[in-house]
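Colleague: I have just opened this model and would like to learn how to read it. Please take me through some features, with the general idea before each case.

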Amino acid sequence: MNKKILAAFLCVCMVVVTGSFPVSAAKTKKTYKIAIDAGHQGKGNSKTEPIGPGAKMRKPKVAYGTQGVKTKVPESKLTLQIALKLEKELKKRGYDVYMIRRKQNVNISNKQRAIRANKSGADICIRLHADAASANVRGVSVLYPSQQNPYVAKLSKKSKKLSKNILDSYCKSTKFKKRGLSKRDDLTGTNWSKIPVALIEMGFMTNKTEDKQMQKKQTQKKMVDGIANGIDQYFK
Ligand SMILES: [Zn+2]
């Protein structure tokens, strides 16, 4: 049987079995699209760009990011590992996914990342990062724009809800310490967004324990499940 005949045959079977064309089922539930931005890239880019539409203040296009104090893994590699696993998990749960990058060797500024996410038709954008501080600091923060943000104030409420959903479910899944939500209005990749956006600092790479943990396969699964559960919660 060739493919066309097979497709027609299956369609007829669906009509017989369900009493309707198979397309009707898909129409009842919207498929949400998630943009995933794996923070940083193989090499930073110190050229600058405005931190928001019309902004005088400028910041580097892509910062280098931090590095595992124990594992020596760069932040850009950790965020990519999690992004690729999150993509798989979200697709499994029925979401469409738009990946801003899927390799290290790219040069995409934070402004460009936001614009690409906007244009992709995604409903929300998840920005993946890891934190850095002195050795004993650990835990998880999620960053969102405040209601006073000069560029994206109207995204604040939804971004906060998304951020809270992700923070709660991520910490529940990983058992990492919850540091909390943080209002940030100086983030280029957030300020150019046109869709609700959450930036998760997944843990501290400057903390030996969290650095090692975040490279474990089991922990990465919990990290990914936690973020995906938060997204489920947001759309509920
Ligand atoms: Zn970062």
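**Reading the model, feature by feature**

Modeller: Let's start with Leu162, which counts as buried because its relative accessibility is 0%. Buried means under 20% relative accessible area, exposed means over 50%, and partly exposed is in between, using a 1.4 Å probe and protein chains only. Before we go on: this is a predicted model, where local features need pLDDT of at least 70 and side-chain atom pairs count only at pLDDT 80 or more, while totals for chains, interfaces and linings use all residues. Residues are numbered from 1 along each chain as its sequence is written, and side-chain values use heavy atoms, with hydrogens and water left out.

Colleague: Where is Leu162 found, and which residues does Leu162 touch?

Modeller: Leu162 is in helix H5. Helices (H or I, at least four residues) and strands (E, at least two) are DSSP runs, numbered from the N terminus. A contact means heavy atoms within 4.5 Å. Leaving out residues up to four places away in sequence, Leu162 touches Ile124, Cys125, Ile126, Pro196, Val197, Ala198 and Tyr234.

Colleague: And for the protein chain, how many helices and strands are there?

Modeller: The protein chain has eight helices and eight strands. Of its 236 residues, 48% are buried. Among contacts between residues at least 6 apart in sequence, 77% join residues at least 24 apart.

Colleague: Next, the metal. Which residues coordinate the zinc ion?

Modeller: The general idea is to look for donors, meaning N, O and S atoms within 2.8 Å of the metal (3.2 Å for Na, K and Ca); water is not among the atoms, so sites may look incomplete. Here, His40 (NE2), Glu75 (OE) and His129 (ND1) coordinate the zinc ion at 2.0 to 2.1 Å. Their spacing in sequence is H-x34-E-x53-H. Distant parts of the chain are linked here: His40 is in the loop between strand E1 (33-38) and strand E2 (45-50), and His129 is in strand E5 (residues 124-131), 89 residues apart. Both His40 and His129 are buried.

Colleague: How do I read a pair of aromatic rings?

Modeller: Such a pair is described by the distance of the centres and the angle of the planes. Rings of Phe, Tyr and Trp (its six-membered ring) pair if their centres lie within 6.5 Å; planes under 30 degrees apart count as stacked, over 60 as edge-to-face and the rest as tilted. This structure holds four aromatic pairs. In one of them, the ring centres of Tyr95 and Phe235 are 6.1 Å apart with planes at 45 degrees, so the pair is tilted. Tyr95 lies in the loop between helix H3 (75-92) and strand E4 (96-99), and Phe235 in helix H8 (residues 217-235), 140 residues apart. Tyr95 is buried at 9% relative accessible area, and Phe235 counts as buried at 19% relative accessibility.

Colleague: What kind of pair do Tyr234 and Phe235 make?

Modeller: Their ring centres are 5.0 Å apart and their planes are at 80 degrees, so that pair is edge-to-face. Ring pairs join Tyr32, Tyr95, Tyr234 and Phe235 into a cluster.

Colleague: How do I check the length of H8?

Modeller: The expected span of a helix is 1.5 Å times one less than its number of residues. For the 19 residues of H8 that should be 27 Å, and the end C-alpha atoms are 27 Å apart, which agrees. The buried residues of H8 pack against E1, H3, E5, helix H5 (156-174), strand E8 (197-204) and helix H7 (208-213).
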